[in-house]
Amino acid sequence: MAILTKGPRGTQDILPGETGKWQHVERVTRETAELFGFREIRFPTFEHTELFNRSVGDTTDVVQKEMYTFRDKGDRSITLRPEGTAGVMRSAIEHGLLTEALPVKLSYLISCFRYEKPQAGRLREFHQFGCEMLGADSPAADAEVIAMVNEIFKRLELKEISLEINSIGCPVCRAKYHEALRAHFGAHREELCDTCKDRLEKNPMRLLDCKSPICREIAKGAPTVLDFLCEDCSSHFEELKRRLTAMGVAYTVNPTIVRGLDYYTKTVFEFVSGNIGAQGTVCGGGRYDGLIEQLGGPKMTGIGFAMGLERLLLVMEHSGSPFPEPVPCKIYLGSMGDEAAVCAASLVSGLRAEGFRAECDLMGRSVKAQMKYADKLRAQYSAVIGDNELASGVIKVKNMLTGDTAQVKLSLDDSDDDSLMSYLYHTGFAELTEAVEGMEL
Ligand code: ATP
Ligand code: MG
């Protein structure tokens, strides 16, 4: 029954050995977004299918081929979110967030679902960190959003990544560009893939994003969007470049970037790595000035991005970015005999209350086996509590790395065993904690 013991194609388990890396990336992205004034928003994993058709766009690969869409028991068409922007906009409109002081800055960390051919950096369930800035039209907003991604990558010590920017204009200048594209691709109509034949009329810019080798080849000679920008879009783009340069954010202009979703206008950008195979785009974003209105909200512009966390981690691993070490086990408190075991357990809970990772025996193992386990845990220190220790309050703490030992004297009330336990409970922790903390064995 492999179906029970093997996860569905395109899904990935993130095991305990890896979760520390994820938590690091999540922490840094969240902290940086907070510094830039973005507030986290959480929204449902699934939405009405229509929301994605409307926003992501009917002619995109995502909507045409990749969505997990099903009918629920109430016969509604439901789709697992393939991206975050649509859900964030729906939620912001529904709850009136757009009436707050502008710009509204929102961030999210979510899982997304796309029915794609699984390969390195391409999964069916994957994770995105994304931000949306709503209500700011000026290129200063675009620059700030891009600078934030740059800051995140800097903090993660990510190397081998570069920023590419482009402008795909507004509906006004795009109409002329569409005509030029239709003329160019129309001349090769018969060679295009079936999807692109269909797109030629509806949305010719999509042809620039097609992954089929023949369409890609034809796209090479296509006219460039930058030659068609209107005055407004052109000066927006120039100001963006000026701002990025002023902020020390390195970029190159790549006029072939059109992005895979329909809602983009003016600025589009990608952070790309050449070292993780064909799926090199770690972060993609852009301006979407018509989207909110298109979804039934007020006339309000927006700009945002989403980064794929699986791809981000691939680049970090490839380029040797550092990850924090997991919290080590500070001390393993072994025990010999029943009463000592109870004592060790209560000492351990006191140490934990003080913020130390501490462990004791839960398996009824021999002292030798306990120490072997302490080794496996890579505990930094260990001690064994037996009858002598219970009686004297003197505990010998050993540095597991060097083998050096030091005596820790807990000031026990030795009048009787009961009071020993209670004394340990009330004062032992502090003394032991202090001793362990100050120990330089
Ligand atoms: P691609 O061209 O690689 O298919 P896309 O344009 O479809 O990417 P976006 O919709 O812009 O991607 O999503 C933003 C980011 O999310 C991507 O840059 C990528 O890092 C990540 N991403 C998208 N699809 C997947 C996937 N199937 N598996 C893993 N990460 C993904
Ligand atoms: Mg895609």
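This is a predicted model: local features need pLDDT of at least 70, side-chain atom pairs count only at pLDDT 80 or more; totals for chains, interfaces and linings use all residues.
Residues are numbered from 1 along each chain as its sequence is written, chains are lettered from A and ligands numbered from 1 in the order in which they are written, and side-chain values use heavy atoms, with hydrogens and water left out.

Let's start at ligand 1. There are 15 residues around it, and R114, E116, R122, L123 and R259 come nearest (a residue is near if one of its heavy atoms lies within 4 Å of the molecule). By class, that shell has six charged, five nonpolar and four polar residues; here Ala, Val, Leu, Ile, Met, Phe, Trp, Tyr, Cys and Pro count as nonpolar, Asp, Glu, Lys and Arg as charged, and the others, Gly among them, as polar. Strands β6 (125-134), β10 (281-287) and β11 (302-308) each supply at least two residues of the shell, and β10 gives the most, with three. Strands (E, at least two residues) and helices (H or I, at least four) are DSSP runs, numbered from the N terminus.

Now for the close atom pairs. R114 puts a polar side-chain atom 2.7 Å from an oxygen atom of ligand 1, and a polar backbone atom of L123 sits 2.9 Å from a nitrogen atom of the ligand. In the side chain of K211, an N or O atom is 3.3 Å from a ligand oxygen. On its own, ligand 1 has 590 Å² of accessible area, and the protein covers 93% of that (Shrake-Rupley method, 1.4 Å probe).

On to the greasy parts. In soluble globular proteins, nonpolar side chains tend to be buried together. The largest nonpolar core here has 55 residues, of which M89, L106, L134, F185, L192 and L208 touch the most other members. A core is a set of buried Ala, Val, Leu, Ile, Met, Phe, Trp, Tyr and Cys residues joined through side-chain atoms within 4.5 Å, and buried means under 20% relative accessible area (1.4 Å probe, protein chains only). Strand β5 (residues 104-113) gives the most to this core, with five residues. Leaving aside neighbours within four places in sequence, L134 is in contact (heavy atoms within 4.5 Å) with residues including M89, L106, Y288 and M300. A second, separate core of 40 residues includes A143, L240, V282 and L312.

Which charged residues are tucked away? K266, in strand β9 (residues 265-272), is buried at a relative accessible area of 11%. Its side chain joins that of D232 in a polar contact of 3.2 Å (N or O atoms within 3.5 Å, one able to donate a hydrogen and the other to accept it; residues adjacent in sequence count only if both atoms are side-chain atoms). The C-alpha atoms of K266 and G286 are separated by 7.5 Å, though these residues are 20 apart along the chain. R182, in helix α7 (residues 171-186), counts as buried at 19% relative accessibility, and its side chain makes a polar contact of 2.8 Å with the side chain of E179.

How values were computed: Buried means under 20% relative accessible area, exposed over 50%, partly exposed in between (1.4 Å probe, protein chains only).
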